[in-house]
Amino acid sequence: MTLALLDAPTGLAGNMLLAALLDLGLPEAEIHRPLAALGLAEAYRLELEERRSGGLRGLHLAVVSLEPQPPHRHWGELRGQLQAAPWPVPLKQRVLEVFGLLAAAEAAVHGHSPEQVHFHEVGALDALVDVVGVCAGLLHFGVGELVCSPPPAGHGVVATAHGTLPLPAPAVLELARLRAIPLASAEGFPPGELTTPTGLALAACWATRFGQPPTHVPRQVGVGLGSRQLDRPNLLRLTLADGGRFDSSTHQPQSTPQLETVLLQQAQIDDATPEDLAFLSEELRRGGAVEVLSQSIAMKKGRAAQLLTALVPPERAEALRAVWWQHSTSLGVREQLQSRWVLPRRSLELATPLGPVRVKQAQLPDGRWRSKAEHDDLVALARQHTLGIDQVRAMVQSALDALPPPQP
């Protein structure tokens with residue numbers, strides 16, 4: 001397993017990340033082979049060029065479409081094509097996860113179902129090349145853990161197929177909300193888009209966490225350049241490193257839990273309705289809380305109350321305080337920094353005979369993976385096929401058992 005560190009001081013874009021992988025020495029054939037299997041061998045051209053940005057070198061990549069009349073690629077259709085692709089299972093799982101997340105974000109901001117999301121949102125040729133190429137590249141280098149710095153998203157407006165939209169792009173904000181991704185400040189940057197939906201979706205699906213890198217020994221550094229001229233080098237750096245997950249006696253990767261710092265926010269509330277408490281809990285989750293829970297307690301004069309607790313990434317503390325002030329009746333919020341150990345985890349979309357199912361996986365210290373299907377997906381398939389939920393669960397488990405072990 002390889003530790004990868006993604007430093008994105010001026011934002012994230014799919015072509016920048018793919019350029020960094022090529023700068024690391026990724027053979028172009030690793031990109032072309034899976035795309036050719038989708039019938040896209042003659043549909044694009046890669047224009048790769050070494051350039052300078054702010055005095056620093058790197059590779060710049062442009063994906064040029066050779067399709068005279070690009071087809072409309074709706075997510076429902078594209079998903080079927082990706083599920084049928086003759087690819088290795090890890091590549092298929094990763095690409096489906098990235099596009100599934102993109103489709104969910106775009107659907108949320110446009111107010112329709114993911115199946116209706118069409119080509120200029122998630123299925124455009126350059127997005128296909130970026131997503132397939134980046135996933136194939138990270139698998140080629142054996143990346144098992146990726147730590148990404150919080151990227152700045154940008155400010156101002158951007159021209160899109162939907163017209164002029166505010167920045168950060170709505171899909172970028174939705175992706176950050178869905179995965180509780182911290183976004184760095186864009187203060188001091190000129191107006192413009194710094195992080196794209198495709199770039200953030202790739203980071204969201206590959207990064208084990210967003211924050212400062214662990215202690216490591218760099219082995220290789222790849223630099224991908226952006227197209228915009230900024231007042232500083234417009235680049236991202238992808239470092240392959242040896243780090244804290246390696247056992248020095250065996251040089252074999254270890255599946256060790258990671259220590260994280262979270263902020264506990266807590267308030268005792270005895271004057272809110274159950275409906276208002278449920279709404280407050282949901283808004284705290286929407287605001288980036290890792291978890292929200294409540295306990296029944298007794299306060300002074302024997303009054304029944306609820307102790308509401310939110311676990312919050314420390315960088316989201318101020319934003320979550322604003323939620324407490326706006327939606328709760330509490331006059332104060334207690335805060336305490338706490339440590340927690342978490343297992344390495346990942347999400348994937350599993351193809352089953354009944355339809356796709358989202359699955360969460362956690363890696364145990366002995367290297368085994370524990371999987372759990374999303375209950376909402378099991379319920380939806382049970383209703384769709386008029387089956388018992390236990391039957392659906394058994395079929396999903398059979399599909400899981402048929403997969404090779406996940407890549408570390």
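Is Cys-135 buried or exposed? In this predicted model, Cys-135 is buried, since its relative accessible area is 0%.

## Cysteines

Across the whole structure, a search for disulfides returns zero. Cys-135 takes part in no disulfide, and the nearest cysteine sulfur to its own, that of Cys-205, lies 7.6 Å away, whereas a disulfide would require the two sulfur atoms to be within 2.5 Å. Cys-148 is likewise in no disulfide, and its nearest cysteine sulfur, again that of Cys-205, is 12 Å away. Cys-148 counts as buried because its relative accessibility is 0%.

## Packing of H4 against H5

Two packed helices are described by the angle between their axes and the distance between those axes. Helix H4, which spans residues 89–110, packs with helix H5, residues 125–140, at an angle of about 135 degrees, and the two axes are 10 Å apart. The pair H4 and H5 is therefore oblique, and H4 passes H5 in a right-handed crossing.

On the H4 side, the contact is made by Pro-90, Leu-91, Arg-94, Val-95, Val-98 and Phe-99, while H5 contributes Ala-127, Leu-128, Val-131, Val-132, Cys-135, Ala-136 and Leu-139. Sorted by class, this contact of H4 with H5 holds 12 nonpolar residues, no polar ones and one charged residue. The buried Cys-135 is thus one of the H5 residues that meet H4.

## Packing of H8 against H9

For helix H8 (residues 274–286) and helix H9 (residues 317–327), the axes come within 10 Å and cross at roughly 160 degrees. H8 and H9 are therefore roughly antiparallel to each other, and the crossing in which H8 passes H9 is right-handed.

In this contact, Phe-279, Leu-280, Glu-283 and Leu-284 of H8 meet Leu-320, Val-323, Trp-324 and His-327 of H9. By class, the contact of H8 with H9 comprises six nonpolar residues, one polar residue and one charged residue.

## Two buried helix residues

Ala-20 is placed in helix H1, residues 14–23, and counts as buried because its relative accessibility is 0%. When neighbours within four places in sequence are left aside, Ala-20 is in contact with Gly-222, Val-223, Gly-224, Leu-236 and Leu-238. Val-63 is 43 residues from Ala-20 along the chain, and the C-alpha atoms of these two residues are separated by 14 Å.

Thr-198 is placed in helix H7, residues 197–206, and also counts as buried, with a relative accessibility of 13%. Residues up to four places away in sequence not being counted, Thr-198 touches Gly-14, Leu-102, Ala-127, Asp-130 and Val-131. Among these, Ala-127 and Val-131 are also listed on the H5 side of the contact with H4.

## Backbone features in loops

Most residues other than glycine have a negative phi, and most peptide bonds are trans. The peptide bond from Leu-167 to Pro-168, however, is cis, with omega near 0 degrees. Pro-168 is found in the loop between strand S6 (163–167) and helix H6 (170–179).

Positive phi values occur at Lys-301, where phi is near 65 degrees, and at Thr-386, where phi is near 55 degrees. Lys-301 lies in the loop that runs between strand S12 (291–298) and strand S13 (304–312), and counts as exposed because its relative accessibility is 75%. Thr-386 belongs to the loop between helix H10 (375–385) and helix H11 (389–402), and Thr-386 is exposed as well, with a relative accessible area of 71%.

Technical notes: Residues numbered from 1 in each chain as written. Predicted model: local features only at pLDDT ≥ 70, side-chain atom pairs only at ≥ 80, totals over all residues. Heavy atoms only, no water. Buried < 20%, exposed > 50% of the residue type's maximum accessible area, 1.4 Å probe, protein only. Axes fitted to C-alpha atoms, helices over the stretch in contact; angles between N-to-C directions. Helix = DSSP H or I, 4+ residues; strand = E, 2+ residues; numbered from the N terminus. Parallel < 35°, antiparallel > 145°, perpendicular 65-115°, else oblique. Left-handed = near helix turned anticlockwise from the far one by under 90°. Contact = heavy atoms within 4.5 Å. Nonpolar A, V, L, I, M, F, W, Y, C, P; charged D, E, K, R; others polar.
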